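Okay, thanks for coming, everyone. I'd like to walk you through some aromatic rings and their surroundings, so let's get the picture up.

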Amino acid sequence: MSSRAEQKAQFRAAREAEEQAARQSARRRRVLTQLAGVLAGAAVVVAVLIAVSSHGGNTATRKLEAGAAPAQSAAVGAMFAGIPQKGQVLGRANAPVTLVEFADLKCPICREFSAQALPTLVQQYVRSGRLRIVFEPQTFVGSPPGDSARAASFALAAGKQDRFWQFAELWYANQQDENTAYATGSYIRQIAGGVSGLNATKAFAAQSLPSTTTALNKASTLFDASGFSGTPSFLLGRTGQTPKALNVSSFDPAQFTGPIDTLLKQ
Amino acid sequence: VTDRTLRVVIGVLALAGLAIAAYLTYVHYAGIKPLCLSSGGCETVQASRYAKLGGVPVATLGLAGYALIALSVLSRTETARLAGAGAALVGFGFSAYLTYRELFTIDAICQWCVASAVIMTALALLTTWRLLHVEGGGARPAPELAARG
């Protein structure tokens, strides 16, 4: 009897062990299938989110075909027509308020400032002689290294013909993907061709002048000394006084006009 | 690690992420500057086009994601574990993309975003662990097994 009972117990234990192993195996398969499903689903959702983020709100310009005229050259010319400028400085020298803009020509966010806030500032404040804007070009955005510096040094060279702002704004209006090396000599010449009154050959020659390198180094030093880490960044103050950092939460013109109006009342 | 411990840790982390996302959502709609350790970094990131997705602030999307993960620990069902892991993995993937954009496109770092990305990474690991290693529903043994023997 006892041996039969033992046998039954052994059979039962063996059967239970088999059942448990089968259950565990089935659960493992089910869980791994679930994990694969969740991972695949998450990957699809993330891919869609990235696609929307990269392209959905993108206002980037179309590729500028070789030999084609840059877009918006007439609009940019009209924007600055009749406004005094000297080198990197836009506006009258005796304007009561100065805005310093630290920006990179390859930086897409800087282009957003240029498109969203700058036209209002130029039209309402610079044109009336109440504001001057100083552009301090930075050269660290995008890849490969050096591409951004080529654009910035040409803009500074264009500044020697008082065409810095037209070149920079036309550049932004035709800006390409920051991670492609598009700031070639021919591309720069193409943009320069859209700036009325700019002698590109002269500007190319001025690009390598020591004064251009000095201006780039000065802009970089001032950026670091101001404690900034990204572009665009801004300093704002009464002309002749030490400006303070202007931190904005968007490029709504009101983010700039409010502090400017406050300074104009002082 | 018991399911209870995992749920508590996941819940606490999700609430921390929820607080960060709520703060950044408030900052966005109030139009004020976020508190930031680096000069201008947070404002630059918040002002960038990557701060919105289809017109909706990404902080608001984060808010929804953290809320879903927090809710998933209130239930011990397999569906809740799947939903929690799914939300955390999506959050982790998108946070990684946004961190890449901060470093290589915007060239500015927002500490709040980095903190959120770290929390979401931890949540992705913990919710996946919970999905793999916790058995369904914390249920008691089935009656036929309990009665056997």
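Before anything else, when I say contact, I mean heavy atoms within 4.5 Å. Housekeeping next: this is a predicted model, where local features need pLDDT of at least 70, side-chain atom pairs count only at pLDDT 80 or more, and totals for chains, interfaces and linings use all residues. Residues are numbered from 1 along each chain as its sequence is written, chains are lettered from A and ligands numbered from 1 in the order in which they are written, and side-chain values use heavy atoms, with hydrogens and water left out.

Let's start with Gln207(A), which sits in helix H8 of chain A; helices here are DSSP runs of H or I, at least four residues, numbered from the N terminus. Setting aside neighbours within four places in sequence, Gln207(A) touches Arg150(A), Ser153(A), Phe154(A), Ala157(A) and Thr212(A). Its side chain also gets to the backbone oxygen of Arg150(A), at 3.0 Å. Gln207(A) has a relative accessible area of 17%, and that makes it buried (under 20%; exposed is over 50%, partly exposed in between, with a 1.4 Å probe and protein chains only).

Now, the rings. How many aromatic pairs does a search of the whole structure find? Over all chains, 21. To count, ring centres of Phe, Tyr or Trp (its six-membered ring) must lie within 6.5 Å; planes under 30 degrees apart are stacked, over 60 edge-to-face, and the rest tilted.

Take Phe154(A) and Phe167(A): they make a tilted pair, 4.9 Å centre to centre with 50° between the planes. Phe154(A) is in H5 (residues 147-159) and Phe167(A) in H6 (residues 164-173), both of chain A, so the pair ties together parts 13 residues apart in sequence. Phe154(A) is buried at 0%, and Phe167(A) is buried at 0% too.

Over in chain B, Tyr100(B) and Phe104(B) are also tilted, at 5.3 Å and 40°. They're four residues apart in helix H4 (residues 78-106) of chain B, so about one helical turn separates them. Tyr100(B) is partly exposed at 37%, and Phe104(B) is partly exposed at 48%.

Back to chain A: ring pairs join Phe154(A), Phe167(A), Trp171(A), Tyr182(A), Tyr187(A) and Phe204(A) into a cluster. Tyr187(A) is one of the buried residues of helix H7 (residues 185-192), along with Ile188(A), Gln190(A), Ile191(A) and Ala192(A). And what do the buried residues of H7(A) pack against? That would be H5, H6 and helix H8 (200-207) of chain A.

Notes. Helices (H or I, at least four residues) and strands (E, at least two) are DSSP runs, numbered from the N terminus. A polar contact is a pair of N or O atoms within 3.5 Å; within protein, one must be able to donate a hydrogen and the other to accept it, and residues adjacent in sequence count only if both atoms are side-chain atoms.
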